[in-house]
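Q: Hi, could you walk me through this structure? I'm new to it.
A: Happy to, let's take a look together.

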Amino acid sequence: MIERSAPARYIQVVARALSSGDVLVAMQDLSRMRRLESVRRDFVANVSHELRTPISSLKAIVETLEGGAMKDPSAARDFLARMHTEVDGLAQLVSELLALSRVESGEDTPRLEDVGAAELVDRAIARLHPLADRASVRLTVGALADLPRVRVDPQMIGQALINLLHNAIKFTPSGGNVDVSAAREDGWVLVRVRDTGTGLMADELERIFERFYKGERSRAGGGTGLGLAIAKHIVHAHGGTISADSEGPGRGSTFTFTLPVAGP
């Protein structure tokens, strides 16, 4: 086995002597297989980790109830509420895993239609306003009147935008701002979600759209780590691009994605 770095490649070499005295050498590039194995291992490890915490919590709650807490109505109600929270988290994880699997495999292909870009933004803003209000985060939107129509699946793109907005609100402290803006650039509409939140380090920017990836800022904040990965695959399914930018920790983040303008 030959291993080469930068970028890493794995080449399997098999040599066999022939009766003629020559040597037959066969080389097989196993790089893609190795990468797929690595992705599979990481996926199993991440899913196991995400399941372990809520399952452990549910087990502890059940044991506490069995140990006598059930006899105290007030304590029992509190523990049942905690069970609901953990079960909701598990349901969200399963739902997002299924959504990611469908969009990655191409099973969920966009059902394209012409829709106003401003309408997509307004719908997402309306849905996330209550969350922003509870977090004491100011959610604003720039001028959208001159935006063209785009050729997209409105439900899928709406989900991608909601994921980005939810992420921005989640990591913006009380009193901060999350701003959504959009503008036409050639045959695309660029949508930007800016926040004044905790920001990202350079190494986090490289991995922020990976499945289950959680940076230092998010490990204590819960969540599945799938929302941005789902947004990325949805945007890519529409032929667009998505990126993240930040000047560093404590200096906020900007997420930008593109949508194709509808034909004349």
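**A chat about the core and the sheet**

Q: Which residues is Phe-257 in contact with, leaving aside its neighbours within four places in sequence?
A: Those are Ile-157, Leu-161, Leu-164, Val-189, Leu-190, Val-191, Val-235, Thr-241 and Ile-242; contact means heavy atoms within 4.5 Å. This is a predicted model, where local features need pLDDT of at least 70, side-chain atom pairs count only at pLDDT 80 or more, and totals for chains, interfaces and linings use all residues. Residues are numbered from 1 along each chain as its sequence is written, and side-chain values use heavy atoms, leaving out hydrogens and water.

Q: And which residues touch the most other members of the largest nonpolar core?
A: Leu-165 and Phe-257 do, out of 53 residues. Such a core is a set of buried Ala, Val, Leu, Ile, Met, Phe, Trp, Tyr and Cys residues joined through side-chain atoms within 4.5 Å (buried: under 20% relative accessible area, 1.4 Å probe, protein chains only).

Q: Which helix gives the most to this core?
A: Helix 4, residues 154-170, with nine residues; helices are DSSP runs of H or I, at least four residues, and strands are runs of E, at least two, numbered from the N terminus.

Q: Switching to the sheet, what is the strand order?
A: The order is 5-7-8-10-9, in an open sheet with mixed pairing. Two strands pair if DSSP finds at least two bridges between them.

Q: How do strand 9 and strand 10 run?
A: They run antiparallel, joined by four bridges. Ile-242 stands opposite Phe-257 in strand 10.

Terms used:
Buried < 20%, exposed > 50% of the residue type's maximum accessible area, 1.4 Å probe, protein only.
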